[in-house]
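Hi everyone, thanks for coming. Let me put the structure up on the screen, and then I'll walk you through a few parts of it.

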Amino acid sequence: MKTSSFDLPWIFLTTIFGLFFLTHNMFPYLGYRYEGCQTMYSSLKIDYQRKINNHFFIPQWAFTDWGFYLDIKGIQVQPQVSLDKKSLFFIDFLRETKSINLETFRLILDYLCPQQIRIKIYLTDFREQPFFEGDACKESKFRNWHLLIPIQLFPANERGELKRPSS
Amino acid sequence: MNYSSRLYDYNRLLGLGLLFHISHLETYQTFLPQYSSRFWLVPGWHNFFSHQFFFVVFSGVFMGAIGLIVKPSRFVLLWICIFGLLDYFTFSFRVVNHYLVILGILWYQLLSNIIFRDSIRQSEKIIFGIRLIFFLSFFSAAVHKLNSSYWLPDPKESFGAFVIERAFEKLLLPIKPPTFLFSLSIFVSVAFEGLAIPIILSLRLNRFLAIIGYLVFWFFVLLTIRGPDYTFFSMILSILLIDESDWQAIRVLGRWPQGTLPILIFACLSVWLFLGDSGWRLSIHTVWAVLWSFLMAGFIRIYYRRVKCAS
């Protein structure tokens with residue numbers, strides 16, 4: 001294609017877009033997110049905490065903890081009277097699910113904790129190592145959710161399907 | 001917009017694909033919480049945002065898709081880009097790979113239109129950009145698959161092997177697929193995703209033959225995994241892999257009855273393969289099969305015309 005000075009904005013635009021796409025698709029290795037990065041059906045497995053993956057040659061980083069998934073081993077919620085429908089849903093959700101994304105957990109606590117609800121929870125990582133035990137509302141690492149980009153509530157299975165684990 | 005006809009038609013088909021994309025069950029789950037526990041995604045997804053929010057975003061994307069089908073204008077592009085981004089940056093209806101690709105294509109076109117006023121002269125450049133976005137997406141998908149799990153010839157670990165297992169089931173073959181077929185499928189799927197677009201574009205004489213192979217591949221994928229929107233978006237890219245004059249020759253097939261009738265018969269045969277599905281999925285597959293038949297007939301026609309001229 002003939003290139004003239006008029007083409008410079010087009011070259012700039014196309015390059016920026018290309019770089020954006022490539023960077024976004026490499027987000028799983030940077031620890032930002034997994035979904036929507038062309039990872040579906042790829043069997044790519046990532047352990048963000050140990051910073052390892054099953055890729056042949058791309059190493060793993062974890063610049064954030066947004067991609068963490070935690071296993072819920074036990075939960076106690078007090079009190080449960082006079083709560084709105086959304087709070088009740090969140091509490092049911094935490095009780096029923098086995099795994100949860102850390103950012104989603106923060107988002108839920110952001111709604112529940114200001115209502116003076118105590119959430120005693122025991123969380124482990126994928127290696128069954130203890131991650132947290134105690135009142136989640138008092139824990140600083142569960143405050144302030146950051147993620148505007150959506151993230152799935154449950155970890156994907158090996159085929160990249162978002163299936164809810166049986167409770 | 002003064003687009004060339006194939007870019008114009010491509011955008012209209014993009015709108016149709018977007019309708020496919022948002023018409024999945026998860027969307028209804030968002031609006032109809034009583035069905036939440038029945039469907040396979042996340043029960044209570046709607047609780048993270050209000051119903052009003054979902055309604056506004058869904059209506060915005062839906063109207064944008066209709067607008068894109070009716071007339072892809074700068075305003076429609078702007079509309080759908082805003083609502084699509086709102087959808088993507090919240091808990092969207094379906095966050096899947098191709099949604100970001102489609103949004104990227106729409107944003108790229110919108111910005112190109114703002115930068116280049118006379119867009120008919122720029123159609124080729126916009127088409128180049130769309131090809132690049134698709135290539136980078138396919139390439140990334142292939143790179144992600146270079147991992148120890150995907151290359152195991154085991155349907156439980158690798159999707160490449162799973163597709164073959166599913167194909168044997170669909171074709172009602174009484175035997176289990178041999179291991180070498182799993183390995184072959186894994187290799188072919190990675191090679192196809194990584195190399196299909198550059199190989200097709202590098203071919204001059206046999207480009208139509210390569211595109212026919214490309215379309216057969218997506219038909220096979222649809223038949224085995226039943227993902228009509230992802231395969232639809234990949235299929236319609238074939239329009240942008242040919243020249244404007246060739247697309248004009250294919251469009252002639254839309255004339256009734258010389259072109260349309262044989263295509264409809266062909267499409268009926270294709271739909272027959274999807275008869276196991278029900279409801280909305282069958283209707284989407286029907287539209288898919290009609291368009292696939294149309295494109296196949298067009299590319300085969302041009303290919304034979306080229307062979308005739310060459311001989």
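**A walk through chains A and B**

Let's start with A:Arg95, which lies in helix α3 of chain A. Helices here are DSSP runs of H or I with at least four residues, strands are runs of E with at least two, and both are numbered from the N terminus. Buried means 20 or more other C-beta atoms within 10 Å of the residue's own, exposed means 12 or fewer, and partly exposed is in between, with C-beta atoms placed from the backbone. The C-alpha atom of A:Arg95 is 9.3 Å from that of A:Val77, and these two residues are 18 apart along the chain.

Quick housekeeping: this is a predicted model, where local features need pLDDT of at least 70 and side-chain atom pairs pLDDT 80 or more, while totals for chains, interfaces and linings use all residues. Residues are numbered from 1 along each chain as its sequence is written, and chains are lettered from A and ligands numbered from 1 in the order written.

Now helix α4 of chain A, residues 102-112: its buried residues include A:Phe105, A:Ile108 and A:Leu112. What covers them? Among the elements are α3 (85-96) and β5 (118-124) of chain A.

Over to chain B, which has 13 helices and zero strands. Of its 311 residues, 38% count as buried.

Definitions and conventions: Contact = placed C-beta atoms within 7 Å.
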